[in-house]
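Trainee: I would like a close look at one part of this chain, the nonpolar core and the helices packed around it. Please take it step by step.

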Amino acid sequence: MMTAGDHADVTVDQLNHLTHAEAFAAFERCCGARVWAERMCEGRPYADRAALHAAAERCAESLGPDDWREAFSHHPQIGDVAALRARFASTAAWAGDEQRGAASASEATLAALARRNRDYQERFGYIFIICATGKSASEMLAALEDRLGNDPGVELGIAAGEQRKITHLRLEKLLSE
């Protein structure tokens, strides 16, 4: 039997047969909202990847603002390497890969990201969430600056959409690292 930390290279069939606690831990690595992870556990068994992803969307559709904020709290700030290592050890490799564009950024860009992240958190009450895969630090900074002017309700919806993208990428990483 797998332990809660042994979720690399999990097939859909294996995911279906994990204990509840193991499956919860695996799903929580993909989306930090406890309600989402619990509903994903309850939805097992999944016939295939497509069914798993469809269930992820259905579960996401039922999340409320507090659930989304909880999911966001499971991410480090864009470019915050120290937080990646310390607080997010279970998803650090995934988040680090997702934030690869920030790793090669100039000091000025990283400083601007840090400053604007603080502005964003003060304005909205949670960290800036973006599906960073394939984006440069400059692209992430531009998106952050664009989104700072959003109405809080609009921004929560945008951030939730970004979390959904991240969740689907992480489900694929869970199944095929």
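Trainee: In what order do the elements of the chain run from the N terminus on? Please go on from there to the core.

Mentor: This is a predicted model, in which local features need pLDDT of at least 70 and side-chain atom pairs count only at pLDDT 80 or more, while totals for chains, interfaces and linings use all residues. Residues are numbered from 1 along each chain as its sequence is written, and side-chain values use heavy atoms, with hydrogens and water left out.

From the N terminus on, the elements run α-α-α-α-α-α-α-α-α-α-α. The chain has 11 helices and 0 strands. Helices (H or I, at least four residues) and strands (E, at least two) are DSSP runs, numbered from the N terminus. Of the 177 residues, 48% count as buried, where buried means under 20% relative accessible area, exposed over 50% and partly exposed in between (1.4 Å probe, protein chains only).

Now the core. A nonpolar core is a set of buried Ala, Val, Leu, Ile, Met, Phe, Trp, Tyr and Cys residues joined through side-chain atoms within 4.5 Å. The largest one has 50 residues, and those with the most contacts inside it are Leu15, Phe27, Trp36, Met40, Leu52 and Tyr120. Elements that give two or more residues to this core include H3 (34-42), H4 (49-61) and H11 (152-176). H11 gives the most, with 7 residues. In soluble globular proteins, nonpolar side chains tend to be buried together.

Take Met40. Not counting residues up to four places away in sequence, Met40 touches Phe27, Tyr46, Leu52, Ala55, Ala56 and Cys59; contact means heavy atoms within 4.5 Å.

Next, the pair H3 and H4. Their axes come within 9 Å and cross at roughly 140°. Axes are lines fitted to C-alpha atoms, for helices over the stretch in contact, and angles run from 0 to 180 degrees between N-to-C directions. H3 and H4 are therefore oblique to each other, since angles under 35 degrees count as roughly parallel, over 145 as roughly antiparallel, 65 to 115 as roughly perpendicular and the rest as oblique. Trp36, Arg39 and Met40 of H3 meet Leu52, Ala55, Ala56, Cys59 and Ala60 of H4. By class, this contact has 7 nonpolar, no polar and 1 charged residues. Ala, Val, Leu, Ile, Met, Phe, Trp, Tyr, Cys and Pro count as nonpolar, Asp, Glu, Lys and Arg as charged, and the others, Gly among them, as polar.

H4 also meets H11. The axes of H4 and H11 come within 11 Å and cross at roughly 150°. The contact of H4 with H11 has 5 nonpolar, 3 polar and 5 charged residues.
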